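Here's a quick briefing for anyone meeting this structure for the first time. Have a look at the sequence and the fold, then read on.

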Amino acid sequence: MNVGKISIPGTLRNLHPIVAAWVDEHRKEQVERRARFRARQPDDLWWGEDELADLSERDLYRFRVTSALLKGFETQGGRMLEGSIRGKLKLEVSGEKFEVSVVEKMYQFHGKPSDEPKGWTAFPYHHNSALAPTGFLRFTITTYLGTGVKKEWVETSKLNGEDLLPTVIAGFLLAGPALAARREEFAERDRRIEAQRVAEEERRHLAQLEQEKWRLFRDRAKDWEEAQRLRSFLAALEANPHSLAEEIDGMPAADWLKWAHRKVEELDPLV
């Protein structure tokens, strides 16, 4: 994807509205801190809040680059949704939302504390105190896009922000299709899992039916054997009528024999 040259403004004029709001936010916080600092009591030993420093050259550069980045991104059809003064941004392209960061690239500082860079930013509390600035910006897509998708770009001594921005914007524009493909991949995986679940449930159901059919078959075989045994018993009784009482269970013997034959017929699965 080709993105034309992106110019970085030399001043804070006509900044992207999100970045312009950061400048206003800093100015407002600076005024409020100064007021609180001046209003403190001389014996207030617990006062730990310092006045907010002016925006440094690195802060101003980051703001101007971020503004140019957002304007170029929106020119290519992207949307800027929200962002914080720390450099965390939420963007949208092709209906897909993702998060990025435009921040100072830091490195582990191993020198003396007295040699540690100071005053390079008005927001030192946004950074690890054990790290120092490299003087280059880092552009990162912080939303996971899957493997095989470039998500980070860093300025170098040979590749400044103005040269790098077209590549960064092109990378941001590719995040939308990458997220859509990843979402479809997840959807396809979910469909496969659901199909496997349904198939397994069907196999389990068929196995249960098979077991039930086998149980019923065996039960019928037992009933058949029982019917044969009972018929033999009834035949023995009828062959020796003198062994029967006149009444059995409150019924005349003849009626009782009819009842017993009927019950045996009901039991026999072959009848």
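Is the crossing of H2 and H3 left-handed or right-handed? It's right-handed. Keep in mind that this is a predicted model.

**H2 and H3**
- The axes of H2 and H3 sit 10 Å apart, and the two helices pack at an angle of about 45°.
- With that angle, H2 counts as oblique to H3.
- On the H2 side, the contact is made by Tyr61, Val65, Ala68, Leu69, Gly72 and Phe73.
- H3 answers with Gly161, Leu165, Val168, Ile169, Phe172 and Leu173.
- Sort the residues of this contact by class and you get ten nonpolar, two polar and no charged ones.

**H1 and H2**
- Helix H1 covers residues 17–39, and its axis lies 8 Å from that of H2, at an angle of about 155°.
- H1 and H2 are therefore roughly antiparallel to each other, since an angle over 145 degrees counts that way.
- H1 brings Ile18, Val19, Trp22 and Val23 to the contact, while H2 brings Arg62, Phe63, Thr66, Ser67 and Leu70.
- By class, this contact of H1 with H2 has six nonpolar residues, two polar and one charged.

**H3 and H4**
- Helix H3 runs over residues 161–239 and helix H4 over residues 253–267; their axes come within 9 Å and cross at roughly 160°.
- That crossing angle makes H3 roughly antiparallel to H4.
- The way H3 passes H4 is a left-handed crossing.
- From H3, the residues in contact are Asp223, Glu226, Ala227, Leu230, Arg231, Leu234, Leu237 and Glu238.
- From H4, they are Trp256, Leu257, Ala260, His261, Val264, Glu265 and Leu267.

**The largest pocket**
- The volume of the largest pocket comes to about 260 Å³.
- Its lining is made of 16 residues, and Arg86, Val103, Glu104, His126 and His127 are the ones nearest the centre.
- Helix H2 (57–75), strand S3 (96–108) and strand S4 (131–141) are the elements that each give two or more residues to that lining.
- What classes of residue line the largest pocket? There are seven charged, five nonpolar and four polar residues.

Conventions:
Residues are numbered from 1 along each chain as its sequence is written. This is a predicted model: local features need pLDDT of at least 70, side-chain atom pairs count only at pLDDT 80 or more; totals for chains, interfaces and linings use all residues. Side-chain values use heavy atoms; hydrogens and water are left out. On a 1 Å grid over the protein atoms alone, a cavity is a set of points where a 1.4 Å probe fits but cannot get out, and a pocket is an open set with protein on both sides within 12 Å along at least five of seven lines; lining residues have an atom within 4 Å of a point. Grid points are joined across faces, edges and corners, and a volume is the space filled by probe spheres set on the points. Helices (H or I, at least four residues) and strands (E, at least two) are DSSP runs, numbered from the N terminus. Ala, Val, Leu, Ile, Met, Phe, Trp, Tyr, Cys and Pro count as nonpolar, Asp, Glu, Lys and Arg as charged, and the others, Gly among them, as polar. Axes are lines fitted to C-alpha atoms, for helices over the stretch in contact, and angles run from 0 to 180 degrees between N-to-C directions. Angles under 35 degrees count as roughly parallel, over 145 as roughly antiparallel, 65 to 115 as roughly perpendicular and the rest as oblique. A crossing is left-handed if the near helix is turned anticlockwise from the far one by less than a right angle, and right-handed if clockwise. Contact means heavy atoms within 4.5 Å.
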